[in-house]
Amino acid sequence: MTTPTLLHFGLKDFWLAFWQWMRSYRLFEQIPPGLYYTGAHYPSSSPMLVTCNYHLTVFLLWWRVLRFLPPQRILVLDTAGVNVWCASGKGTFSADEILRQLARYPEAVTGSLKGMELILPKLGFSGVQLATLQRVGITPRIGPIYMTDIPAYLAQQPHADFAGIYRFTLRDRLFTLPPSTIQIATYLALPTVAAWVLHQFFATQIWWQIFAGGIAIAWLYIVLFPILPSKRFAIKGLWLGSAFMLSALLMFAYGGWSWLDTLFAILFVLGGSLFFGLYYTGNSGVSNYSIVKYETLRYLPISIGLLIASMAIIVYKAVQA
């Protein structure tokens, strides 16, 4: 007979969570799907909190919230190690997966489906057909957006659908800044080194600007995200790139930049800002899966073309040296 598992984490999990964060939330470790509980005993009559099997999500849920609460039940779905928001868009955080996991356990463990209360994370419920759960008697509730709101939510009886709105605050965005910086730095490393080697032979004077400019684009995009015009991530990137482009033109007019340096800067910042805008869709809970696919297909080739053209300027300067 399948039985619930005590949810607990050790020192290794702290390092795994930190590593996943620094690696831009890449798939690294998964929690086996199934029914878990916290505390000294299995609380057979408590509501079930539903989540994904992405290690970082479950670990933070336990570390920040569950270990401070009375015993709770947690249903971990098999989302192939993908977080709640992304899994709901991919169709793995679903009503069918909820029922599949519940079916693994006898009714003596789960309790009757009729009247069972499930608390779904608000960022994941868009992928769950609530009517499918209701047809078998389950009462689905839309829970909080932020896990820190779970204790107050559970304390209120009866439970109601959470009415809050996800706003992607500066604190949320700053949480994405360290891993985004590391990831973008890996993309910038090779062209920066190649440009530095070229500079050693032909004095092109362009190499460190690639790394510094790319990091500056990433940081400014993250901080300025809400005030950049448009709801489209790529268009936000173009607005940011346009601001950089105006700065480059001013340096050409008044700062003594050559026309080649100015052209490199314009091509690089437009391509780089567009690229980071597309990259950042995966770090935000306010993007839309279908729109992301559309933006990627439409704007990624443009971004790559602009970046290749900017690198061609460096080669041209070397040839002209």
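Colleague: Is D78 buried, exposed or partly exposed?

Modeller: D78 is partly exposed, because its relative accessible area is 31%. Buried means under 20% relative accessible area, exposed over 50%, and partly exposed in between, with a 1.4 Å probe and protein chains only. Keep in mind that this is a predicted model: local features need pLDDT of at least 70, side-chain atom pairs count only at pLDDT 80 or more, and totals for chains, interfaces and linings use all residues. Residues are numbered from 1 along each chain as its sequence is written, and side-chain values use heavy atoms, with hydrogens and water left out.

Colleague: Which side chain meets D78 in a salt bridge?

Modeller: R100 does, at 3.9 Å, N to O. A salt bridge here is a side-chain nitrogen of Lys or Arg within 4 Å of a carboxyl oxygen of Asp or Glu.

Colleague: What does that pair tie together?

Modeller: D78 lies in the loop between β4 and α3, and R100 in helix α4 (residues 95-102), so the pair ties together parts 22 residues apart in sequence. Helices (H or I, at least four residues) and strands (E, at least two) are DSSP runs, numbered from the N terminus. R100 is partly exposed, because its relative accessible area is 44%.

Colleague: How many salt bridges are there in the whole structure?

Modeller: The search finds four. One of them joins E117 and R141, with the closest N and O atoms 3.3 Å apart. E117 is in strand β5 (residues 117-120) and R141 in strand β6 (residues 139-142), 24 residues apart.

Colleague: And what does D261 pair with?

Modeller: D261 forms a salt bridge with K317, the closest N and O atoms being 2.7 Å apart. D261 is partly exposed at 22% relative accessible area, whereas K317 is buried at 16%. Separately, salt bridges that share partners join D78, E97 and R100 into one network.

Colleague: Staying with α11, what span should it have?

Modeller: Its 21 residues (259-279) should span 30 Å at 1.5 Å a residue, and the end C-alpha atoms are 30 Å apart, so the two agree. The expected span is 1.5 Å times one less than the number of residues. As for cover, 17 of the 21 residues in α11 are buried.

Colleague: Which residues make the nonpolar surface patch?

Modeller: M251, F252, W257, W259, L263 and Y316 make it, about 580 Å². Helices α10 (233-254) and α11 each give two or more residues. Patch residues have over 30% relative accessible area and no salt bridge; like charges are joined within 9 Å, nonpolar side chains (Val, Leu, Ile, Met, Phe, Trp, Tyr) within 5 Å. Areas come from the Shrake-Rupley method with a 1.4 Å probe; for residues, only the protein chains shown count as cover.

Colleague: Switching to backbone geometry. Where is the cis peptide bond?

Modeller: Between Q157 and P158, with omega about -5°. P158 sits in the loop between α7 (150-155) and α8 (170-202). F168 is in the loop between α7 and α8. F168 has a positive phi of about 50° although it is not a glycine. F168 counts as buried, because its relative accessibility is 3%.

Colleague: What about A80's phi?

Modeller: A80 has a positive phi of about 60°, and it is not a glycine. A80 counts as partly exposed, because its relative accessibility is 42%.
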